[in-house]
Amino acid sequence: MAEEKKTTRKKIHAADRMNRIMADYFYGLNEAATTGKRKVAWCTSVGPAELLHALGFAVHFPENHAAMLGATRMSTDLIPEANAIGYSPDICSYLTADIGAYLKGITPLAKAYPGIASVPRPDVLVYNTNQCRDVQDWMAWYSKRLGVPSIGVTSPKNVNDVTDAHIDDVTRQIEALIPTLEGIAGVTLDMDRLREAVALSRECTELWKRVLETAIASPAPLTFFDGTIHMGPAVVLRGTREAIDYYNVLLAELEQRVTDGVGAVDGETSRIYWEGMPVWGRLRQHSELFANLHSAVLASTYCSSWIFPSFDGSDPIRSMAKAYLELFIVRSDRYKEEYIKGMLEKFRIDGIIYHDAKTCPYNSNSRYGLPGRVEAETGVPSLVISGDLNDLRCVSDEQTKTNVEAFIEQIAEGR
Amino acid sequence: MSTPIFVGLDIGSSRTKVAVIDAGHQVLGHAVRKSGTDFSATAAACLEESLEMAGSPRDGIASAVSTGYGRANVAFVTTQSKTEIGCLSRYGRDRFHEAITIIDIGGQDNKVIKLDGDGRRASFKMNRKCAAGTGAFLEEMSLRLDIALEAMDGLARQSTEMVKLGSYCTVFSATEVLENIRNGKKVPDIVKGLFYSVVKRVLEMDSHAGRVVMTGGVVAHNPYIVEMAGEMVGRPVVLPEFPQLAGAIGAALYALDETDPIGIRNTIPAGETHG
């Protein structure tokens with residue numbers, strides 16, 4: 001067969017700057033842990049990072065590390081290490097990959113950042129179960145192993161409307177963390193610093209939202225695959241000035257693309273919404289798969305999960321509670337359906353792909369009939385692909401490829 | 001100049017199928033071989049065989065389209081490739097002029113495809129990363145039982161008391177089969193149980209709107225499976241002529257579309273069975 005010209009998504013120039021600030025972040029963490037100049041907190045990705053920043057902690061996010069294990073395709077070999085000590089292959093493969101990496105004494109940080117030997121040793125572990133119970137078990141293992149306290153927030157789940165009662169509950173739980181964290185940090189919480197951190201998170205989140213919403217343009221200037229990479233600062237540097245500075249630069253580049261009519265994918269012919277986690281070890285392949293079909297995966301629930309419109313510097317703790325509760329993953333199916341329908345309309349989506357991640361039921365919204373209901377109400381066709389965020393043993397590349405190609409064919413022929 | 005012909009090549013994980021059609025959508029020639037390890041060579045051999053059957057010279061090929069796992073491995077296809085789902089849909093749209101559900105049982109993929117009344121693909125589903133209920137399942141069981149694949153249909157029809165297998169997993173099903181042998185169950189009853197397992201797995205993938213049509217090599221060689229499916233869905237299930245070639249014919253129809261974009265026929269070719 002004649003050699004086809006490969007289409008790849010366009011490079012975002014701001015990525016170089018992002019790589020530098022991410023490097024600074026990891027070296028800063030390493031310095032804190034190795035010199036003892038700053039205390040280190042491990043925090044779940046939508047845990048109370050603003051509080052930790054205000055108390056002067058250097059903050060490490062195990063989920064970010066686990067995603068790196070996935071993206072570097074190290075995870076599939078590490079997961080069995082955790083399985084061998086009793087963690088099922090069916091539970092969160094972020095958890096099993098990260099614990100496996102610890103057991104083996106390896107980290108992708110060491111390869112990416114010369115001079116870093118390991119993840120930073122924590123002084124405290126802080127979780128929020130708004131995403132799943134697995135994060136609490138994840139921290140519990142390290143707590144026992146390393147002899148450091150694990151504290152956190154237990155969130156309600158399947159919330160339809162976030163009520164004052166929900167917010168009161170989580171607010172009290174966040175407040176209850178403070179004395180322990182103050183004791184470990186050796187400082188008293190400065191409320192002005194917390195207000196500032198929350199205000200910075202709000203600014204970060206607003207910029208990130210504007211970045212993602214540039215994809216409303218046609219052609220879309222960025223894809224889901226860009227988003228999964230460029231949300232790094234929103235995840236690990238939320239509550240800091242660096243993240244804001246970065247998103248201003250990124251936003252300017254993307255807005256220029258919109259002005260110039262430059263799409264991330266050449267010849268965009270279909271616009272796809274991605275529901276669920278990325279397959280971290282297949283980001284490039286999936287990006288190329290869609291780009292070669294001139295299909296732009298331009299919006300997602302996942303990347304939008306780092307938009308927290310409720311952060312309010314004037315009411316920091318309560319607004320943190322509200323922001324963490326309003327997360328998509330916390331919400332009821334009724335809410336999720338309405339949210340997805342709104343996204344399909346906003347981004348003028350031609351088709352929606354649900355990634356059914358084997359080890360992440362909380363981020364797999366294809367298991368209780370939601371795709372069928374959304375399709376029936378919107379007429380937007382859907383496809384469910386089986387896979388996983390980190391465990392590539394659960395991924396079938398050929399079946400994914402055939403499914404995606406057939407889906408894009410279906411969309412094209414439906415017009 | 002020879003009459004133009006259109007070629008579809010379906011290079012599957014198990015078998016390679018080639019169909020040659022004319023501008024009137026009639027199948028003139030066809031061939032099926034094990035795909036083996038050299039997809040290109042197998043496809044070339046199938047092409048020669050089907051051209052010979054069609055009585056057409058190679059230079060009569062107006063266009064060729066490939067599909068299946070090996071669709072990118074066919075050196076002489078210079079036009080395009082399509083997915084099996086697309087080709088099966090194209091086939092269904094050409095042969096049936098109503099809303100149908102196509103159930104295709106392939107070597108390692110099962111597919112359920114729904115076409116609306118206009119022949120448009122409304123939805124499709126493939127099996128997950130699991131070969132339960134596929135041709136590979138039957139091949140594995142034939143090896144375990146040391147029964148020729150072609151003998152299974154006849155054996156299943158002799159069953160008087162079917163053995164039901166409960167496992168979702170091919171390997172565990174094999175263990176269940178061995179257990180039943182140890183317990184003195186008759187081979188025809190076990191084989192019927194295997195067929196039932198295949199039908200159940202594929203039917204439970206999706207609902208079945210409209211007329212149900214079954215395609216693929218498994219049903220081509222084991223029509224009893226189609227009868228069982230009919231009993232389970234509560235209405236006759238269609239086994240078209242050339243069920244194993246459906247994807248290849250669909251690919252050939254795409255090839256024809258390239259030269260005749262409005263060549264979607266409104267008549268049913270003679271010889272096609274509509275149940």
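View 1. Trp280(A) is buried, with 6% relative accessible area; buried means under 20%, exposed over 50% and partly exposed in between, using a 1.4 Å probe and protein chains only. Tyr302(A) counts as buried too, at 9% relative accessibility. What you are looking at is a predicted model: local features need pLDDT of at least 70 and side-chain atom pairs count only at pLDDT 80 or more, while totals for chains, interfaces and linings use all residues. Residues are numbered from 1 along each chain as its sequence is written, chains are lettered from A and ligands numbered from 1 in the order in which they are written, and side-chain values use heavy atoms, with hydrogens and water left out.

**View 2. Aromatic rings pair up.** A pair of aromatic rings is described by the distance of the centres and the angle of the planes. Rings of Phe, Tyr and Trp (its six-membered ring) pair if their centres lie within 6.5 Å; planes under 30 degrees apart are stacked, over 60 edge-to-face, and the rest tilted. That rule gives 20 aromatic pairs over all chains. Trp280(A) lies in the loop between strand S5 (270-275) and helix H13 (283-292) of chain A, and Tyr302(A) is in helix H14 (residues 301-304) of chain A, so the pair ties together parts that are 22 residues apart in sequence. Helices (H or I, at least four residues) and strands (E, at least two) are DSSP runs, numbered from the N terminus. Elsewhere, ring pairs link Tyr25(A), Phe26(A), Tyr27(A) and Tyr113(A) into a cluster.

**View 3. Charges sit over rings.** Here the rule is that NZ of Lys or CZ of Arg is within 6 Å of the ring centre and within 35 degrees of the ring normal. In chain A, the charged end of Arg331(A) sits over the ring of Tyr335(A), 3.7 Å from its centre. In chain B, look for Lys82(B), whose charged end sits over the ring of Tyr254(B), 4.5 Å from the ring's centre.

**View 4. Strand S7 of chain A is mostly covered.** In strand S7 (residues 351-357) of chain A, 7 of its 7 residues are buried. Gly351(A), Ile353(A), His355(A) and Ala357(A) point one way, and Ile352(A), Tyr354(A) and Asp356(A) point the other. S7(A) pairs with S5(A) in the parallel sense over 4 bridges; two strands pair if DSSP finds at least two bridges between them. Trp274(A) stands opposite Ile353(A) in S7(A). S7(A) also runs parallel to strand S8 (residues 382-387) of chain A, joined by 6 bridges, and Tyr354(A) has Val384(A) as its bridge partner in S8(A).

**View 5. Chain B has an open sheet with a helix packed on it.** The sheet's 5 strands come in the order S3-S2-S1-S4-S5 (chain B), with mixed pairing. Strand S3 (27-34) and strand S5 (80-81) of chain B stand at the edges with a single partner strand each, so one side of each has no neighbour in the sheet. Helix H9 (residues 246-259) of chain B packs on the sheet, touching strand S1 (5-11), strand S2 (15-22), S3, S4 and S5 of chain B; contact means heavy atoms within 4.5 Å. Strand S4 (residues 61-67) of chain B runs parallel to S5(B), joined by 2 bridges, and Ser66(B) has Ser81(B) as its bridge partner in S5(B).

Terms used
Axes fitted to C-alpha atoms, helices over the stretch in contact; angles between N-to-C directions.
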